[in-house]
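Dear colleague,

I am passing on the structure below, which you have not worked with before.

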Amino acid sequence: MKKLFVIFLTGMMFSCQGILDIEPTNKIPAEVLFGDPEGVKIYMANLYYQLPIEDFAYFRAGFNQNGGDPNNGGFSAAMMTEEAMHTEFGDFLGDGDFHWWDQGYKLIRDVNLLIDAIPTLDILEEEKNALTGEGNFIKAFAYFALAKRYGGVPLIKATQKYEGNADALKVPRSTEKETWDYVLELCDVAASNLGTVKGRRANKYTALALKSRAALHAASLAKFGSRAPMSGDAVTQKLVGMEPAAAAAYYAACIQASQAIITDGAYSLFRPNPASPAEAAENYRLLFQNPNDAPDEVILIKGYNLPGANLGHNYDIWYQPAQVANGWPHPGRMNPTLELVDLYESYTNPGQSAPVVTTTDGNVNDYGGYDPAKSYIRFSTPNEIFQNKDARLWGTAVLPGTSWKGNNIVIQAGYVKPDGQAAIRIKDQITVGTNTYYTYGAPSTTMYSGFDTYGGNNTRTGFSFKKFMNQNSPIVPGWNQSTTDWAEFRYAEVLLNLAEAVVESGTGDATAAAKALNDIRRRAGHTVAIPLTVDNVQRERRVELAFENKRFWDLIRRREYHTQFNNRVMHTLLPLQDLRALPATMYIFVRVQVPNSNPRTFEPKSYYRYIPGIGSNGLVQNPQY
Amino acid sequence: MKTLRYILLAGVMTLAAACEKDNFDGPTAGLSGRIIDADTKLLVEQDIIRGTTIEITEHGYDPVKPQVLVVKTDGTYENSLLFENTYSVKPMRGNFVDVPSQDIQIKGKTVLDFSVTPYLRVQDLRVEKVGNLVVATFKLQQNVAGNVVKIGIYADKDQRVGEPMRLGQKEQDINAPADPNTTYRLEYNPDEFKTQMPLGKEYWFRVGALISIGEAKFNYAAPIKLAI
């Protein structure tokens, strides 16, 4: 009995030594994951997936809106700027839109864990450097996304360890300036560790392009902050807002980063010397239909290789014109505005926006609607009125009566009857002689793409959408079926950043900046160089980068949103067939307010998003929230 | 059966008792008042969108989020659903010289008026129809340093018309201090806005001016109804 007891006790002694320390089988320990280069690759893929890239899956609810229920009506960020209207929604920026807080700090934690692990990995020194560079690039990208939304944020520079006291993990907000400085510092670390190999992962130039973009953003905030003064605790503690004096250093940083990319010569514009505007328009379209075909221009691509939830995206189903819907019930949501169309230059008058002139008196500010007494200019096709407009208009928007996927895209708002009375935006038909004419240009809803409110499928601005759209294959009528890749950084943006930084700061190489501006215009078929001015740079930026989700942040960083969107309505171009001209086929155009739309006003507090969860994280809230 | 009934009865009674204990009283207090021009004793006109707000911060909680009251266009305000407590009350981002925060006990229907100095006063206002036009003439009295950024006459179908809420407007940039001797004149052409506001009906007009102080709001005269 005694013996048995001793054996039992001995057994007890050993039993505690490990039998109960079971490794969970549903988790991979850090050493195993990071110990295997393949494990690191998988981890990196996840980090890249989390990058806050404002691409085809970026909507008001945030990033990667292509899984779960992706049905958000196709209301894109462009529709909160003057670039586009939605066919139905009249929404505007809300307090809850475009947040990225929890996800941001999750990505930062994930990347900090990686950076911790790098020294312990059994890989070559240059591979370690590359990982360090990528880690810092991702971290810089994350803090950039946080800073532009929230101003100064808590900087978690290294992994935090929970040791039973949650309060010890709470980090107060840094000032806005410290936050921007940290973003640029991370970009520098990334650039100095990264190589120059091109691919789907960050290289030296990706880090510099990010620095160029972030520095320009910070510089603009400093320079233009006084256009929208704010007050409150966050302001007095400098958590939002920067001194105007800070602008110079940020502009210099932008110039330095942009110049570094340009002088190294690793990138250039895609097809920089088109023979004609028509060729330029097609080149521009191709650049976005497949950015992989333009490795000379595109610095970082986010790929959408396969259709399916969390893989493909929904741009083609939401935004192609109604006539090519191929059975999909909700096409045609992106309606480029007349404001955007007006902005593009005419080749006949370089350096000026060329508003669409519809009447013989040339008044482009008359939005009073059709009036038989007015003298309208007659055109023989529905798009002759856009003749000589910048190639990029033709590459960005589907214009009335142009061809798309082999279809003549019919966008017509009505007709003027032979007696001079007009039928506009109503379904109607009239027989004159032996021919029957339809207000929307064709008898049935499958045969036109404009103005009929049927299904919310037809443009209400007179323009449909082309940029990024896949012309090669029919729409697959289902969710997440688009596989067009997204160009996050491209050389043209770097050139535009340089031009803006030089012209706004009055420093740097003005000749190089003017060349940068005009190189982009040359690629768009322009042959006359224009001077480097603030207006020219901004117009160029808006037309070149249209719909790349840049305009929203341009309005924010230049503090122009509250003046640009003060009781603002957008406008439409109504193409009407003029039956008074029969037997000739003639069209006239009428400039009007976008039908069924309301004025929209930007609230200055929206220059910053509210900080989520201040009840538990104890952070100082942004002004007026 | 009888046991079951007792159990049910006990259950119901527990539930009833529980409800009583769980529920706090609803808000019984309220705060209302007026924003009054210290000199003229008139209400200070406001915007309904992006206008003056009053922040009230309840004591005894930390962190605490201030509640924001939007001041009505006529310069009055009210929140009739507040809990009895001490609050810090401060008008924020208004169209008058800053008023310090004050701690008050809100109990029952508490009334709190603010006596303020508006940045600008629109005086001697006449709005009348001259031919097809609506012509506003007025003088501006400036009570603080700075420039008048712009003046404007705003039109809408709604009485709460103002710079951020209008269907038609005529504005003029000034960018200079107000001249007390100048009679400012604005000519509003209803023809320009007839798609939004068809002619032959009555509309509300309001004349306002904006001072170049950060976050300042427009100062207005009272709205006027006019047929065009």
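The notes below go through the conventions, then chain A, then chain B.

This is a predicted model, in which local features need pLDDT of at least 70 and side-chain atom pairs count only at pLDDT 80 or more, while totals for chains, interfaces and linings use all residues. Residues are numbered from 1 along each chain as its sequence is written, chains are lettered from A and ligands numbered from 1 in the order in which they are written, and side-chain values use heavy atoms, with hydrogens and water left out.

In chain A, UniProt lists "domain: SusD-like N-terminal" (unreviewed entry) at residues 100–214, and the same record places "domain: RagB/SusD" (unreviewed entry) at residues 311–567; such annotations may be inferred rather than shown by experiment. Residues 100–214 of chain A are 62% helix and 0% strand, with end C-alpha atoms 17 Å apart, whereas residues 311–567 of chain A are 26% helix and 14% strand, with end C-alpha atoms 39 Å apart. Helices (H or I, at least four residues) and strands (E, at least two) are DSSP runs, numbered from the N terminus.

The axes of helix 6 (residues 176–193) and helix 7 (residues 204–224) of chain A come within 8 Å and cross at roughly 165°, so the two helices are roughly antiparallel to each other (a term for angles over 145 degrees). The contact (heavy atoms within 4.5 Å) includes Trp180(A) and Leu184(A) of helix 6 of chain A, and Leu208(A) and Ala215(A) of helix 7 of chain A. By class, this contact has 13 nonpolar, one polar and four charged residues, where Ala, Val, Leu, Ile, Met, Phe, Trp, Tyr, Cys and Pro count as nonpolar, Asp, Glu, Lys and Arg as charged, and the others, Gly among them, as polar.

Further along chain A, a cis peptide bond with omega of about 10° joins Leu582(A) and Pro583(A), and Pro583(A) sits in the loop between strand 15 (571–578) and strand 16 (587–593).

In chain B, Gly152(B) belongs to strand 11 (residues 148–156) and is buried, with a relative accessible area of 0% (buried means under 20%, exposed over 50%, partly exposed in between, with a 1.4 Å probe and protein chains only). Leaving aside residues up to four places away in sequence, Gly152(B) touches Lys170(B), Glu171(B), Leu186(B), Arg206(B), Val207(B) and Gly208(B).

Lys41(B), by contrast, is exposed, with a relative accessible area of 59%, and has a positive phi of about 65° although it is not a glycine.

Best wishes

Conventions. Axes are lines fitted to C-alpha atoms, for helices over the stretch in contact, and angles run from 0 to 180 degrees between N-to-C directions. Angles under 35 degrees count as roughly parallel, over 145 as roughly antiparallel, 65 to 115 as roughly perpendicular and the rest as oblique.
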